[in-house]
Amino acid sequence: MGSEDKIVDVNFESLLRIFTVPEAPDSTLGNIEQKLSQNLNQFLREHIVAEEKPLSEIEKDFADPAIPELPTFVSEHTQHLLETVVSHSVHTSAPSFIGHMTSALPYFLMPLSKIMIALNQNLVKIETSKAFTPLERQVLGMLHRLIYSQDDSFYQHWMHSAQHSLGAFCSGGTIANITALWVARNNALKADGDFQGVEKEGLFNAMMHYGYKGMAILVSERGHYSLKKAADVLGIGQQNLVAVKTDHNNRLCSIALEQKIQQLKTQGIKPFAIIGVAGTTETGNIDPLEKIAAIAQREQCHFHVDAAWGGATLMSNQHRYLLKGIELADSVTIDAHKQLYIPMGAGMVLFKDPSAMHSIEHHAEYILRKGSKDLGSHTLEGSRSGMAMLVYSSMHIISRPGYELLINESLKKARYFADLIKKQLDFELISEPELCLLTYRYVPQDTQRALQLATADELKTLHQYLNELTQFIQKSQRENGRSFVSRTRLTPEKWQRMETSVLRVVLANPLTTIEILHSIIEEQRIIAQTSPFVLPKIMQLTHIILDRDPIE
C-alpha cells in the first residue's frame, strides 16, 4: 500500500501524540518543522505580492463549509498550507512592499514566539499567567516612562500595584482607543450623589442626571476610522465624533477646535474627550499636541493622543521633539506591531494617572477577584495571549538606541524619497513627510502647467482624470507583483480641497534601499506612460488648455 493510500484513524492514542513534544529532532513533527521553516524562508526571499491569482480562484480552495470527518496527516496538511496559503500570501516584509505599516520583523521573534505559544499563558488572570503578568506590567511601565518620564520611585510604587494600572495591553490600536475613550466617558459621567455612574445606570440616565443633550469626542478630520467604532460602541453615536478641520499640513487647526467646542456647548452637548493624532494613518502628520492639551485642560476634557503609528518616534532622542506635548496627555495609544517591529496583535494604551482605569474596573468572584493583580480587571478583552513577551524581548535585544537607529533611518529615507519625487518633472509631491509617510502622484509635465491655467470646470475634469490614472498606476503595480504602494484620497489646500487620489508610501522597513525607491518611481512612470485609456484623455485636455493659453 502506497503512502497516498494511508488513512488516519480517529483514536485517542493518536490524538495524544499531537499534544506532546516530539521525542527527537528527526521525528515526524521535527522534520515537518524544519521543512516548514525552509519553505517559509524561500517564500520570504522570492515573493513580494503573491503571484497574481484572482481572489475568486483562491476562494475555491476554501469553499467547503463541512468540518472534516477524517483527520489529515500533519505532513499532508503542512503541504496543503504551503500550496494554498503561503504561496498566495502577501510578503509584507519585502523591501519593495512599502504601501502599508506592516514591515520586516526581526528574525529572532520567530523562535522566541515558540515560547509564547508553547506556554499558552492567558493574561486575563494570575492563575494562568504567573510570570507573564509582572512581565506585561513592566512592558507597560517601560512605555509609560518613555512617554511620561516619571522617576524611579513612581514606577516602584505603581507599576505592580494590585489596585492600579499604568495601562492595558490590547490586540491593536482600535481596542486601545476604545479603552481610552471608555475610561474618559466613565470618568466624565461618574457617580454623583444618588446617581451610581454610567457604568451602572447607563448613558440615558447619566445624561439626564448631568443635564446633557449629548456627548461628543473631537478629533481632526484625519482621525483613524477606529474612533468611529469607539463612538458607536460607547453609545455616543458616530455623529458625535466631531471632525475638526486641518491646516495645509494635515494637522488639526486649534482655532477650529475651539470654535467647535463652543458650538457644541451652546447646543447642550458635553465635549468629554479631545484626541490629538501623533502620526496620521494617511499622511503621518502630528497634531499640535501642546495647544490641544491646553484647550483640553481649560475645558476639562480628557486629552487622548492616538500615537499608534508615531509613538515609537519617542525612542529617538534626535526626533522625539516632534511629539512634544504628548507627555501632557491623559492617555496614549501605541501599536508595537508598527514601528516597534512586533508581529500583528500588539497594541497598548497608557494612562498618565495610575488611578484612571478605576472607572472601568470589573471583578468576578470566579476569576477576577478584588485586590488581585489580575490584568483582566482593567482590560476590555478577556482572554489574551502573552504578546507582551515579544515586546519585552525586543526591548532588550534591540534596545532603545537600536530603535533610535531604525527610526532615524526611516525618517531619513522618507526625506530622500520626497526630494527624489520633487526632482522628477512628471511627479508631484502631495504631502511632505513629517515621520516616514508621504504621498504623491504622477502628473505629466505639460499637465502640471495646464493645471495652473485651467478654468474651474477644466481643473475639476483634469483632477478626475488624474485620479483615474493614479488608481490605474497603483493597481497595475500591485498586479505586477514586483513592488507595492498603497493609495488614498486627500483634499489638498493647493487644489482647492478637491478630492485627490494619491500614492502613499510608508518607509519603515530597514531593508528598503535607495535603489528600490528609484526603481519604484521608474516602474510607476512606465505604467503611467503606457496607460491605454486615461493618459490620452489627460493629454488631449492638457493640449486644449495650453494651446488656448500659451505661457509667455
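Strand β5 (residues 302-306) has 5 of its 5 residues buried, so it is largely enclosed by the rest of the structure; buried here means under 20% relative accessible area, exposed means over 50%, and partly exposed lies in between, with a 1.4 Å probe and protein chains only. This is a predicted model, in which local features need pLDDT of at least 70 and side-chain atom pairs count only at pLDDT 80 or more, while totals for chains, interfaces and linings use all residues. Residues are numbered from 1 along each chain as its sequence is written, and side-chain values use heavy atoms, with hydrogens and water left out.

Helices (H or I, at least four residues) and strands (E, at least two) are DSSP runs numbered from the N terminus, and two strands pair if DSSP finds at least two bridges between them.

| Pair | Sense and bridges | Facing residues |
|---|---|---|
| β5 and β6 (residues 331-335) | parallel, 3 bridges | Val305 and Val332 |

From β4 the chain crosses through helix α12 (residues 289-299) to β5, and this β-α-β crossover is right-handed, a term that applies if, with the strands pointing away from the viewer, the path from the first strand over the helix to the second runs clockwise.

Contact means heavy atoms within 4.5 Å, and Phe417, leaving out residues up to four places away in sequence, touches Leu438, Tyr440, Val505, Leu507, Leu517 and Ile521.

In helix α5 (residues 109-119), Leu109, Ser113 and Met116 are buried. These residues cover an arc of only 50 degrees around the axis, which puts them on the same side of α5, the arc being that of the directions from the helix axis to the C-beta atoms. Helix α13 is among the elements that cover the buried residues of α5, and just after α5, Asn120 takes a positive phi of about 50 degrees.

His144, in helix α6 (residues 132-148), is buried with a relative accessible area of 0%. Not counting residues up to four places away in sequence, His144 touches Ser149, Gln150, Phe154, Tyr155, Leu166, Leu350, Phe351 and Lys352. Leu425, by contrast, counts as exposed at 55% relative accessibility, and lies in the loop between α13 and β8 (427-431). Beyond its neighbours within four places in sequence, Leu425 is in contact with Val443, Gln445 and Gln448; the C-alpha atoms of Leu425 and Gln448, 23 residues apart along the chain, are separated by 9.1 Å.

**The whole protein**

The protein has 17 helices and 11 strands, and 51% of its 552 residues count as buried.
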